[in-house]
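Hi,

Here is the structure I said I would pass on.

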Amino acid sequence: MNTALVTGASSGIGAAICRMLLEDGYQICGIGRNFNKVSDLTKNTNFFPFSFDLTDSKHLISNLFELKKNYSFSLLINCAGVGYFGPHEELNPRKIHELVTVNLEVPMLLTNLFLRQLKQNQGTIVMISSVTAQKTNTHGCAYGATKAGLSNFSSSLFEEVRKYGVRVITLHPDITKSEFYRNSNFKEGQSFDTYLFSEEIAQVLHTALTFRTGALLREITIQPQKHQIQRKSTD
């Protein structure tokens, strides 16, 4: 049985990806904040939830070494992400640190720790980046910078490991209907053609993972037909 390590597994895109992988027969170690809202996952005997603090590097590394001892992964999916938006001067050091740590440092750290294992298994590494990695981002420049860094890391990593049979896939989803924008003053538009569903991102990833051996969907951008956001009510 193939085993996957998925961050951000307790909600949104990460949870949708875990459901897809379970249907495909994977065993999953899912890292997330709180699994109370995904009982369908935690009831599955092939899903193992781990509540690690991604911003605490020392304890995170210790926990990851334990996972490394007990599991042999053929799939690593870096899906955990955080977003803070607004004028850059209004961010505080804690938010900037969290953005860089969760969105960029943690995927680099996990890839570093499990890369030899993934080489041995000729496995796959997936980065869930963002469409913002491909453009400038007024009122989101720190977030966009972390995602641009993640996408660049993914591209360079692929050139490094492709000769070992390791696949590296980067997804660039646009605005998705989820809890991701809980820290912002905006959310997705009202009509279904102005946002994506988490299940659609999982569906695209499924296509990439099941592509024939020897060919690769390296970078994929997923966008809604229309561009629209709406400001949250301040009431």
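Below is what turned up, starting with how to read it.

This is a predicted model, so local features need pLDDT of at least 70 and side-chain atom pairs count only at pLDDT 80 or more, while totals for chains, interfaces and linings use all residues. Residues are numbered from 1 along each chain as its sequence is written, and side-chain values use heavy atoms, with hydrogens and water left out.

**Nonpolar cores**

A nonpolar core here is a set of buried Ala, Val, Leu, Ile, Met, Phe, Trp, Tyr and Cys residues joined through side-chain atoms within 4.5 Å. Buried means under 20% relative accessible area, exposed is over 50%, and partly exposed is in between (1.4 Å probe, protein chains only). The largest core has 37 residues, and the members that touch the most others are L5, L64, L67, F114, I125 and L157. At least two residues each come from β2 (27–31), α3 (57–70), α4, β5 (124–128) and α5 (141–161). Helices (H or I, at least four residues) and strands (E, at least two) are DSSP runs, numbered from the N terminus. It is α4 that gives this core its largest share, 10 residues. As for F114, once neighbours within four places in sequence are set aside, its contacts (heavy atoms within 4.5 Å) are L5, L64, K68 and F73. There is also a second, separate core of 32 residues, with A16, L22, L75 and L171 among them.

Helix α1 covers residues 12–23, and nine of its 12 residues are buried, so the rest of the structure largely encloses it. The buried ones are I13, G14, A15, A16, I17, C18, M20, L21 and L22. After α1 comes G25, with a positive phi near 90°.

S198 is buried, at 6% relative accessibility.

**Salt bridges**

How many salt bridges does the structure hold? There are six, counting a side-chain nitrogen of Lys or Arg within 4 Å of a carboxyl oxygen of Asp or Glu. One of them pairs R94 with E98, with the closest N and O atoms 3.2 Å apart. Both lie in helix α4 (residues 93–120), four residues apart, or about one turn. R94 is partly exposed at 49%, whereas E98 counts as buried at 19%.

D193 and K226 also form a salt bridge, at 3.3 Å from N to O. D193 is in the loop between β8 (186–188) and β9 (196–197) and K226 in the loop between β10 (219–222) and β11 (229–231), so this pair ties together parts 33 residues apart in sequence. K226 is partly exposed, at 48%.

**Cysteines**

Don't look for disulfides (cysteine sulfur pairs within 2.5 Å): the count is zero. For C18, the nearest cysteine sulfur is that of C79, 8.2 Å away. The sulfur of C29 is 10 Å from its closest counterpart, in C18, which is too far for a bond. C18 is buried at 0% relative accessibility, and C29 is buried at 0% as well.

Cheers
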